[in-house]
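Here is a short note to read with the structure open beside you. Take the points in order and find each residue as it comes up.

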Amino acid sequence: MKKPLIALALFLVAATAVTAQPTFRWGLNLYPNLTNRRLIALSNISQPAIDSIEKREVSRPSWSAGVTAGWRGKKLGFHTGINYMDAGYRTVKEDTPETDPKLPLGRQRRFAFQNNYLEIPAEVNFYQSLGERSAFYFMLGTAISINTTNRTDTFYYSGERITGVHQQDDSDDFRTINYAFQTGMGWEYAFSERFMMVLSPTFKFWMRGVLKENDLNRNLYSIGLNARLMFQSSYRE
């Protein structure tokens, strides 16, 4: 799967290179989203254990932000950039075991698993004009992510009080490099010839597990709204 994604990225660059009169653009990118995981379990993990994990683990609010740059022609565009990405998943709220030494903090608890990355996306946009100032587009692309830090947060609940315990995970079990498939559709509105806003519901799926090698692993995926404020040179039809 890795080679097709690389080939896709090269295609995205080539596609816009042949587009008539491409316009350079740059801006800021914000992607609030819900991140979840797909469980990867080897045959030595029992089905009841898998079912129990599936019930306990759910999505959590995540985000990424950074800078973006690219080119747009009349029908095609290409964008890349660099983002700081917060991702992960969490468990449902459950009773705190009597064996937990932090039981006095709360009779219920939940875990939140946080993985941070530097992400380099590559995407092609297929545009359809909706008038002088706006356009609809379909996006197809890939992304490479580099793992930077990992953390486990434990939240204890006692009535209205919530106490968080944070633990950095510095082990070398986490995969350093991962790559993703991404797709979406969006709306672009130009406030002027040089300034515009872009809104795009986006789906991303990371092709490899969070961990390097493990009998129990997880692929992360996210769905959210990608928002951009873009500046560009004057566009010419």
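What share of the contacts in the chain with a separation of 6 or more is accounted for by residues 24 or more positions apart? The share is 73%, where contact means heavy atoms within 4.5 Å.

1. **Ground rules.** This is a predicted model, in which local features need pLDDT of at least 70, side-chain atom pairs count only at pLDDT 80 or more, and totals for chains, interfaces and linings use all residues. Residues are numbered from 1 along each chain as its sequence is written, and side-chain values use heavy atoms, with hydrogens and water left out.

2. **Overall make-up.** The chain has two helices and eleven strands. Helices (H or I, at least four residues) and strands (E, at least two) are DSSP runs, numbered from the N terminus. Along the sequence the order is α-β-α-β-β-β-β-β-β-β-β-β-β. Of the 237 residues, 44% are buried. Buried means under 20% relative accessible area, exposed means over 50%, and partly exposed lies in between (1.4 Å probe, protein chains only). The accessible surface comes to about 12600 Å², and carbon and sulfur atoms hold 62% of that. Such areas come from the Shrake-Rupley method with a 1.4 Å probe; for residues, only the protein chains shown count as cover.

3. **Strand β7 and its partners.** Start with β6 (residues 108-129) and β7 (residues 134-158), which pair in the antiparallel sense over 22 bridges. Two strands pair if DSSP finds at least two bridges between them. Asn115 stands opposite Asn150 in β7. The hairpin of β6 and β7 has four residues between the strands, and Gly131 there takes a positive phi near 150°. β7 also pairs with β9 (residues 177-190), antiparallel, over 13 bridges. There, Phe136 faces Trp187 in β9. A further antiparallel partner of β7 is β8 (residues 161-168), with eight bridges. Ser158 stands opposite Arg161 in β8, and Thr152 has Gln167 in β8 as its bridge partner. Two residues lie between the strands of the β7 and β8 hairpin, where Gly159 has a positive phi near 65°.

4. **Phe138 in β7.** Is Phe138 buried, exposed or partly exposed? Phe138 sits in β7 and counts as partly exposed because its relative accessibility is 35%. Leaving aside neighbours within four places in sequence, Phe138 is in contact with Val124, Asn125, Phe126, Thr183, Gly184 and Met185. The C-alpha atoms of Phe138 and Tyr127 are separated by 6.8 Å, with the two residues eleven apart along the chain.

5. **Nonpolar cores.** A nonpolar core is a set of buried Ala, Val, Leu, Ile, Met, Phe, Trp, Tyr and Cys residues joined through side-chain atoms within 4.5 Å. The largest has eleven residues, among them Met85, Ala87, Tyr89, Phe174 and Trp206. β4 gives the largest share of this core, three residues. A second, separate core has eight residues, including Ala135, Tyr137, Met196 and Val198.

6. **Thr91.** Thr91 lies in β4 (residues 76-91). Why does Thr91 count as buried? Thr91 counts as buried because its relative accessibility is 1%. Residues up to four places away aside, Thr91 touches Arg56, Glu57, Val58, Arg110, Phe111 and Phe113.

7. **A nonpolar surface patch.** One patch covers about 930 Å², and its members include Leu28, Trp63, Tyr84, Leu118 and Ile144. Patches are made of residues with over 30% relative accessible area and no salt bridge: like charges are joined within 9 Å, nonpolar side chains (Val, Leu, Ile, Met, Phe, Trp, Tyr) within 5 Å. β1 (23-41), β3 (60-72), β4, β6 and β7 each supply at least two residues. Leu28 belongs to β1 and, at 52% relative accessibility, counts as exposed.

8. **Salt bridges.** The whole structure has twelve. A salt bridge is a side-chain nitrogen of Lys or Arg within 4 Å of a carboxyl oxygen of Asp or Glu. Arg37 and Glu54 form one (3.1 Å, N to O). This pair links distant parts of the chain, with Arg37 in β1 and Glu54 in α2 (residues 47-56), 17 residues apart. Arg37 is buried at 4%, whereas Glu54 is partly exposed at 37%. Glu98 and Arg107 form another (3.2 Å, N to O). Glu98 is exposed at 60%, and Arg107 is exposed at 53%.
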